[in-house]
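Biologist: I would like to learn how to read a protein model, one feature at a time. Where do we start?

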Amino acid sequence: MKSYKEIEKKHSPEEIAESLVFPGPKDPVKREKMLSALREVRKQQKENQSEESKLISQLLQLKFLMEDYLKADSFNKNFYFGYFLNEYIARLEKKKKQFAQEIDVDPTELSQIINKHRKPTEKIIYRLEIHSNRNFPAIMWFKILEKERAYELLHDKSIVNNERSHVKQQLKFSLT
């Protein structure tokens with residue numbers, strides 16, 4: 001039996017993956033027939049899924065998206081706190097007004113947070129954790145918000161310029 005290192009010497013990683021991980025017919029007709037059968041099995045499994053199972057899948061997908069985004073080094077302007085909050089509400093298939101009542105927040109405040117007109121308060125973040133039965137911990141929501149704020153601090157010079165007038169004295173040297 002050949003070791004992986006021996007195989008790796010003779011073949012590229014793509015060749016190894018194609019031959020070992022995803023074997024399948026090269027003939028396009030056979031391949032399409034196989035994919036069609038796979039689609040049919042997946043469709044049947046999806047139809048047999050309970051509503052609770054579908055909801056769990058949707059929420060897990062969102063949680064993984066949030067975790068992946070937090071692990072990434074780069075900031076994505078499409079993934080802001082309100083986006084994830086809106087996705088959470090949508091995946092629960094709730095109206096925003098209904099969700100606002102469930103976490104005891106004014107619907108206008110919720111809308112402003114979703115639409116980036118207001119930052120969420122700590123109470124909302126803790127309520128999201130409680131509402132999700134700790135499946136979406138407060139620390140995750142804080143980190144999303146923190147990533148957004150860090151980007152703003154680095155790229156929105158008007159924040160620093162607005163605060164400059166409030167500083168009466170500053171250090172005369174730089175540590176860099």
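Predicted model: local features only at pLDDT ≥ 70, side-chain atom pairs only at ≥ 80, totals over all residues.

Biologist: Where is E129 found?

Modeller: E129 is in helix α8.

Biologist: Which residues does E129 touch, leaving out those up to four places away in sequence?

Modeller: E129 touches R134, F136, P137 and A138.

Biologist: Which residues of α8 are buried?

Modeller: Helix α8 covers residues 122-131. Its buried residues are I124, I125, L128 and E129.

Biologist: On which side of α8 are they?

Modeller: They are on the same side of α8, because they cover an arc of only 145° around the axis. Here is the general idea. An α-helix has 3.6 residues a turn, so residues three or four places apart point the same way.

Biologist: What do the buried residues of α8 pack against?

Modeller: They pack against four helices, namely α5, α6 (96-102), α7 (107-114) and α9 (138-155).

Biologist: What follows α8?

Modeller: N133 follows α8. N133 lies in the loop between α8 and α9. Look at its backbone angle too. N133 is not a glycine, yet its phi is positive, about 55°.

Biologist: Is N133 buried or exposed?

Modeller: The cut-off for exposed is over 50%. N133 has a relative accessible area of 62%, so N133 is exposed.

Biologist: What is the phi of D104?

Modeller: D104 has a positive phi of about 55°, although D104 is not a glycine. D104 sits in the loop between α6 and α7. Its relative accessibility is 61%, so D104 counts as exposed.

Biologist: Let us turn to R91. Which helix holds R91?

Modeller: R91 lies in helix α5, which covers residues 81-91.

Biologist: Is R91 buried or exposed?

Modeller: Use the cut-off again. Buried means under 20%. R91 is at 14% relative accessibility, so R91 counts as buried.

Biologist: Which side chain makes a polar contact with that of R91?

Modeller: The side chain of Q61 does, at 3.1 Å.

Biologist: What does R91 touch, not counting residues up to four places away in sequence?

Modeller: R91 touches L55, Q58, L59, Q61 and L62.

Biologist: Now I want to read distances. How far apart are the C-alpha atoms of S57 and R91?

Modeller: S57 and R91 are 34 residues apart along the chain, and their C-alpha atoms are separated by 9.7 Å. S57 lies in helix α4. S57 is partly exposed, because its relative accessible area is 37%.

Biologist: How far apart are S12 and K71?

Modeller: S12 and K71 are 59 residues apart in sequence. In space they are 28 Å apart, C-alpha to C-alpha. S12 is found in the loop between α1 (4-10) and α2 (13-21). S12 has a relative accessible area of 27%, so S12 is partly exposed.

Biologist: Next, pockets. How much space lies in the largest pocket?

Modeller: About 260 Å³ of space lies in the largest pocket.

Biologist: Which residues line the largest pocket?

Modeller: Read the lining as a list, then sort the list. The lining includes K46, Q49, K54, S57, Q61, A90, R91 and E93.

Biologist: How many residues of each class are in the lining of the largest pocket?

Modeller: That lining has 3 nonpolar, 4 polar and 5 charged residues.

Biologist: What about the second largest pocket? How much space does that pocket hold?

Modeller: About 170 Å³ of space lies in the second largest pocket. Its lining includes I56, L60, K63, Y88, H131, N135 and F136.

Biologist: Which helix gives the most to the lining of the second largest pocket?

Modeller: α4 gives the most, with 4 residues.

How values were computed: Residues numbered from 1 in each chain as written. Heavy atoms only, no water. Helix = DSSP H or I, 4+ residues; strand = E, 2+ residues; numbered from the N terminus. Buried < 20%, exposed > 50% of the residue type's maximum accessible area, 1.4 Å probe, protein only. Polar contact = N/O pair within 3.5 Å; in protein donor to acceptor, adjacent residues only side chain to side chain. Contact = heavy atoms within 4.5 Å. Arc of directions from axis to C-beta. 1 Å grid on protein atoms, 1.4 Å probe; cavity = no way out; pocket = protein on both sides within 12 Å on 5 of 7 lines; lining within 4 Å. Points joined across faces, edges and corners; volume = space filled by probe spheres on them. Nonpolar A, V, L, I, M, F, W, Y, C, P; charged D, E, K, R; others polar.
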